[in-house]
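Please read this note beside the sequence and the structure, which are shown just below.

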Amino acid sequence: LQEACLRILACHPAEDLPRMIRAPGMLADLAAGGEAEAVVALDGRQRVCGLLCWTGRDARTILFHGPYIALSARRDETARLLLDGFLQGVAKSGATGVMTPFTSTLLPSGEYESLGSLDRRLPDGALQARHAAFRLIAEDMGATVWAHSAIQGFLEREYERLDLVRDLRVVVPLGESRPDSSVFSANLEAASGVALLKPLMDGRDASENMVRHVDALRAKSFPNILFELDLAHGWQAALAGPLVEHGFRPRMVHPLGGRSDLVIFQYEAP
């Protein structure tokens, strides 16, 4: 695995690769601990030809990265072998679908659905669109999700486009009590300048807390700020209102990416 990561690093821009490939020892450790899995393609001389890795063994949506090719010969055939090995490996996992956050040009046409894209600002200031893709590997039986009116139209359009059956329940404040303080987590990737915020606890200061987090991240030169909501929780869906108000825009839905569907927002600086 470490050799495969090093060969992939020599052939692909580092910003196009997940952290566990950029740090080869990390993928080896995650695989040894059962937190990640991978397939490696070798040729008849035992040279590394390609790599595909994934996480989320017990999740309803498995997150995969690749296929990445290390040799120029027989690229399409190698990619197909890696994808087939991956799909066979997760076929009995109980997952409903598989998703990649950065679509490879080697994904077979017509077999994966586009989930949309996020903009990545690179160190040189250029913008790069990172497209995500999804594929069902088992029947989606439908679900009930919470939605805020600010993103109801967006969700309806995405579910219709993806042909997913969802019953949307719009959150309406009915005077329920809330704690004083909200809590957000932040997953920071300094190398790529990406910060992913997630809500851990609701609170009456949630709107102000968003502003504080954005100001702090921008002061630390994080140009790519994302916010993730799990629509299984009504209190999280309700945060879509202040998110839109403070410059975040819904960009994509990850079907069954959490307890239910996830919505990813991206901050668009005024």
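The numbered points below go through the model, the cores, a helix, the pockets, some single residues and the backbone.

1. This is a predicted model, in which local features need pLDDT of at least 70 and side-chain atom pairs count only at pLDDT 80 or more, while totals for chains, interfaces and linings use all residues. Residues are numbered from 1 along each chain as its sequence is written, and side-chain values use heavy atoms, with hydrogens and water left out.

2. The largest nonpolar core has 40 residues, and those with the most contacts inside it are Leu-155, Phe-227, Phe-248 and Phe-265. The largest share of this core, five residues, is given by helix H5, residues 149–162. A second, separate core has 20 residues, among them Leu-82, Leu-107, Tyr-112 and Ala-133. A nonpolar core here is a set of buried Ala, Val, Leu, Ile, Met, Phe, Trp, Tyr and Cys residues joined through side-chain atoms within 4.5 Å; buried means under 20% relative accessible area, exposed over 50%, and partly exposed in between, with a 1.4 Å probe and protein chains only. Helices (H or I, at least four residues) and strands (E, at least two) are DSSP runs, numbered from the N terminus.

3. Phe-265, which belongs to strand E13 (residues 262–267), counts as buried because its relative accessibility is 0%. Leaving aside residues up to four places away in sequence, Phe-265 touches residues including Ile-151, Ile-225, Phe-227, Leu-243, Phe-248 and Arg-251, where contact means heavy atoms within 4.5 Å. Phe-248 is 17 residues from Phe-265 in sequence, and their C-alpha atoms are 5.7 Å apart in space.

4. Which residues of helix H1 (residues 2–11) are buried? They are Ala-4, Cys-5 and Ile-8, and they lie on the same side of H1 because they cover an arc of only 100 degrees around the axis, the arc being that of the directions from the helix axis to the C-beta atoms. In general, an α-helix has 3.6 residues a turn, so residues three or four places apart point the same way. The face of H1 turned away from the buried side carries the exposed residues Leu-6 and Ala-10. Among the elements that cover the buried residues of H1 are helix H2 (19–22), helix H3 (24–32) and strand E1 (36–42).

5. The largest pocket has a volume of about 1,300 Å³ and is lined by 44 residues, of which Leu-63, His-65, Pro-101, Glu-189 and Leu-196 lie nearest its centre. On a 1 Å grid over the protein atoms alone, a cavity is a set of points where a 1.4 Å probe fits but cannot get out, whereas a pocket is an open set with protein on both sides within 12 Å along at least five of seven lines, and lining residues have an atom within 4 Å of a point. Grid points are joined across faces, edges and corners, and a volume is the space filled by probe spheres set on the points. Strand E11 (residues 224–230) gives the largest share of this lining, five residues. By type, the lining of the largest pocket divides into 21 nonpolar, 12 polar and 11 charged residues, with Ala, Val, Leu, Ile, Met, Phe, Trp, Tyr, Cys and Pro counted as nonpolar, Asp, Glu, Lys and Arg as charged, and the others, Gly among them, as polar.

6. The second largest pocket holds about 350 Å³ of space, and of the 16 residues that line it, the closest to its centre are Pro-173, Glu-176, Arg-178, Asp-202 and Ala-238. Helix H6 (206–219) and helix H7 (234–237) are the elements that give two or more residues to this lining. The lining of the second largest pocket divides into eight nonpolar, five polar and three charged residues.

7. Gln-236 is found in helix H7 and is buried, with a relative accessible area of 8%. Not counting residues up to four places away in sequence, Gln-236 touches Pro-199, Glu-228, Leu-229 and Asp-230.

8. Most residues other than glycine have a negative phi, and most peptide bonds are trans. The bond from Gly-66 to Pro-67, however, is cis, with omega near 5 degrees, and Pro-67 is found in strand E3. Arg-74, which is not a glycine, has a positive phi of about 55 degrees and counts as exposed at 58% relative accessibility. Ser-221, in the loop between H6 and E11, has a positive phi near 65 degrees.
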